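Subject: Structure for your attention

Dear colleague,

Please find the sequence and the structure below. My notes on what was found follow directly after them.

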Amino acid sequence: MANLPDKPTLDGIEERWAAQWDTDGTYTFDQSAVRDNVFSIDTPPPTVSGSLHVGHVFSYTHTDTIARYQRMTGKSVFYPMGWDDNGLPTERRVQAYYGVRCDPSQPYADGFEPPFRGDPPKKHQAIPISRPNFLELCDELVEIDEELFEQLFRRLGLSVDWKLKYATIDERSRRISQRAFLRNVARGEAYTQEAPTLWDIDFRTAVAQAELTDKECPAAYHKIPFQRADGSGTIEIDTTRPELLAACVSLVAHPDDERFKPFFGTKVIVPLYGQEVEVRAHELAQPDKGTGIAMICTFGDTTDVTWWRELSLEMRAIIGRDGRVLPDVPHGVNAEAYALIAGKYPNQAQKAVVEQLIEQNILVGEPRPILHQVKFYEKGDRPLEIVTSRQWYIRNGGKDTDLRAALVARSSDVTWHPEHMRHRYENWVDGLNSDWLVSRQRFFGVPIPVWYRLDDAGEPIYDMPLVPDEADLPVDPSIDVPAGFTADQRNQPGGFAGDPDIFDTWATSSLTPQIAGRWNEPAASADTDLFDQIFPFDMRPQGHDIIRTWLFSTMTRSHHEHGVAPWKHAALSGWILDPDRKKMGKSSGNAQTPDGMLEQFGTDAVRYWAASGRPGVDTTFSEDQMKVGRKLANKLLNVSKFVLTFPEPDMSMPLADAVTGAVDRSMLAKLDDTIAEATAGFEAFDYARALERTESFFWWFCDNYVELVKSRAYNSQGEAPANSALRALREALSSIQRLFAPMLPFATEESWSWWNDASVHTAVWPVPSGLGGNPTLIDVAIDTLQHVRRSKTEAKQSQKAAVESLTVTAPADLHDSLAAGTADLCDAGSIATVTVIEGAELSCAVVLAPAATD
């Protein structure tokens, strides 16, 4: 017997069911399951940087629908949650939240209290604190943020096994990240070198190729003549960076450019600074840009780096890590002229150089304003510089064509949803021109587990790194001491120095399959085989905008360590767009926080909007869609109660014997088609298709079938026709609730609980009944009933008004279908007599009973 509420409501069900699922362990991963019966998800760990936004609700809902579907098909779902809490976003948030900045030169202060917590005064200056104090504040703040994130994700109804949580800065993550890196080093896949590096002068850190963004910025061409060394004339160049004249090491033109062929191999003198440089040829030079010949500096942009490397030019770097012009005069450069720019930032140096060029009557004409693309760190506010520094790299095909080809081929080991996203991955890998820079000059992250011997002069011997034993991980080289040394030998000649850098956050996040799966971790016997049980993962869900970073970096690490792709499927989510079709996000300033809309519309309504967005397709934020979702969830509760108020059917007979009515079998045949299409949608990771087909059938079922057969169901006296309708109604309701369960977990659980003991989310995914009914048979009865309803409405009569007679004109091939539905039609429409005549098209003549027209 159903346990029905007096008045079904969506209010308050989220908190109640979330608590119940937690108590019951509804989503607990079964670690005894065999690999073939496991579905594993490499869940994106959101960046812990203050608050979640609507984009998280959107994409994490997509993942959850797949997880819930797979669970209902009988799979044990490995669905962890991680927090990406190390790296620059956390540091920036800590700086703003506490009013501090990290200064490794500061001593540790025991019991340190920051100037404020989250409520800064109008005017304040960040105070410098030691690295250990800064890291303590990082740990404190991420713990607060992670708790808030978990609360929101629980409110969203994610069917995560919360016992599988991890954080990218926790001990396990540090150990696994360091272990994987040491193996990269041992196999020669990771290496360190002094090289030109893209550098953010505000954050004082190196930046990888995948973290770049181009911005259009104003600049100006300055035309500058270089005197030929033999005194025979000048060669004019156009440059937007005259402040780098002191760093000039060559001029370069295209080898086929007839204007400059006579000058290749000759030398010119750099204005102001006097160094002699050679005119070279290179195919990257652009004859139609500026004057057609350019100066090569160390370094103005990434093309300079390519020219410098391929032409074997000398190094004359002048920009330091702090973004200022270095104090030491480069080789061959006029010291007096150089002194005028030493210590200045590039924009200040440019002003000084242009003034000198004008004063000495060297500059040709006026500077010519232009707009051009400049590279920025994706989180930075000033253009990147290129400085020479020692960094760690992991090989990713940027310098190795064979490795690049192998990583491109790995894309074929993954099924992409949608398929065209594969090309984004392949195009990115094909366009790489450098290896993956994984070291960062920051503070809150996983330390690079390396020390260096110091020679007798106290200089590091970089080609002989000291590495720890894996059993000793994790280590912090700034605190821990390498084997064979003592603490008092730190930073002493003949002793050792710890690598001061940390890993880029992607270098740790690229190992989420290994971290979540406890790869090579010492563990209880129950955990010993976990990694083999879930790897390669079945699914990697993520945004399409981080294919080049997270997806590719994970693919690279798995290729190196395991020789396979890390997942079988990659499911890509699109962006959320505002009404002006602009991407919504924190950086755009138009991000929506989810708390308000979850409170206003309810979780299922918000999930409905999210699940309506197709894989990989950008979707407009729509409160109207959420209103539709709430209406749908409410209707599900109400129709569930309505169907369950009918007498209970005889359940002793098999469904095939109980459902005898042609109309009922026709409805179940339509349901069979819906189940097949929804299942095909989920199997293709297309939750939107599954929702669309289920919703379409649901409204048809409510508006048509229920209305058509409710009289037969109400008037049950144990007769076969009534029992047929009752069994069909409950069969459909059961399937509908289960079909909606992945998208609307709260409303389906609520309505399912009225007549079932166990959770709908552990119920079996519906399968077609296979009764063999004709799915179109019921349509003519439905169409006819709609004609009758319209006639009553046009006559301004109640739908309960009696119909004296109904004459239906229909093609001959519909007559049998009409006959099958006539009894239900008469009951539903209060029709006394029905006459069917043959005609080319379906039409109806309705005669209302006299009493109905009074």
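Please bear in mind that the model is predicted. With a relative accessible area of 4%, leucine 437 falls under the 20% cut-off and is therefore buried. Beyond its neighbours within four places in sequence, leucine 437 is in contact with Thr197, Ala206, Val207, Ala208, Gln391, Trp392, Tyr393 and Asp504. Alanine 828, by contrast, lies 72 Å from leucine 437, C-alpha to C-alpha, and the two are 391 residues apart in sequence.

I turn next to the nonpolar cores. The largest of them has 192 residues, and those with the most contacts inside it are Phe226, Leu251, Met667, Phe701 and Tyr705. Helix H20 (residues 687-714) gives the most to this core, contributing 14 residues. Another core, of 36 residues, lies apart from the largest one; Leu407, Leu432, Ile534 and Phe535 are among its members. In soluble globular proteins, nonpolar side chains tend to be buried together.

Leaving aside neighbours within four places in sequence, its contacts include Gly233, Thr234, Ile235 and Ile237. Also among them are Leu245, Cys248, Leu251, Val268, Ile269, Val270, Pro271 and Met295.

Helix H15 (residues 594-601) has Pro594, Met597, Leu598 and Phe601 as buried residues. Viewed down the axis of H15, these buried residues fall within an arc of 105°, so they line one face of the helix. They pack against helix H2 (54-72), helix H4 (131-155), helix H16 (603-611) and helix H17 (623-645). Glu599 and Gln600 are exposed, on the face of H15 turned away from its buried side. Just after H15 comes glycine 602, with a positive phi of about 95°.

Finally, there is a pair of helices to consider. Helix H19 (residues 662-683) and helix H21 (residues 720-740) have axes that come within 10 Å and cross at roughly 15°. An angle under 35 degrees counts as roughly parallel, and H19 and H21 are therefore roughly parallel to each other. Their crossing is left-handed. On the H19 side, the residues that meet H21 are Asp664, Met667, Leu668, Leu671, Thr674, Ile675 and Ala678. Their counterparts in H21 are Pro721, Ser724, Ala725, Ala728, Glu731, Ala732, Ser735 and Leu739.

Yours sincerely

Note on methods. Residues are numbered from 1 along each chain as its sequence is written. This is a predicted model: local features need pLDDT of at least 70, side-chain atom pairs count only at pLDDT 80 or more; totals for chains, interfaces and linings use all residues. Side-chain values use heavy atoms; hydrogens and water are left out. A nonpolar core is a set of buried Ala, Val, Leu, Ile, Met, Phe, Trp, Tyr and Cys residues joined through side-chain atoms within 4.5 Å. Buried means under 20% relative accessible area, exposed over 50%, partly exposed in between (1.4 Å probe, protein chains only). Helices (H or I, at least four residues) and strands (E, at least two) are DSSP runs, numbered from the N terminus. Contact means heavy atoms within 4.5 Å. The arc is that of the directions from the helix axis to the C-beta atoms. Axes are lines fitted to C-alpha atoms, for helices over the stretch in contact, and angles run from 0 to 180 degrees between N-to-C directions. Angles under 35 degrees count as roughly parallel, over 145 as roughly antiparallel, 65 to 115 as roughly perpendicular and the rest as oblique. A crossing is left-handed if the near helix is turned anticlockwise from the far one by less than a right angle, and right-handed if clockwise.
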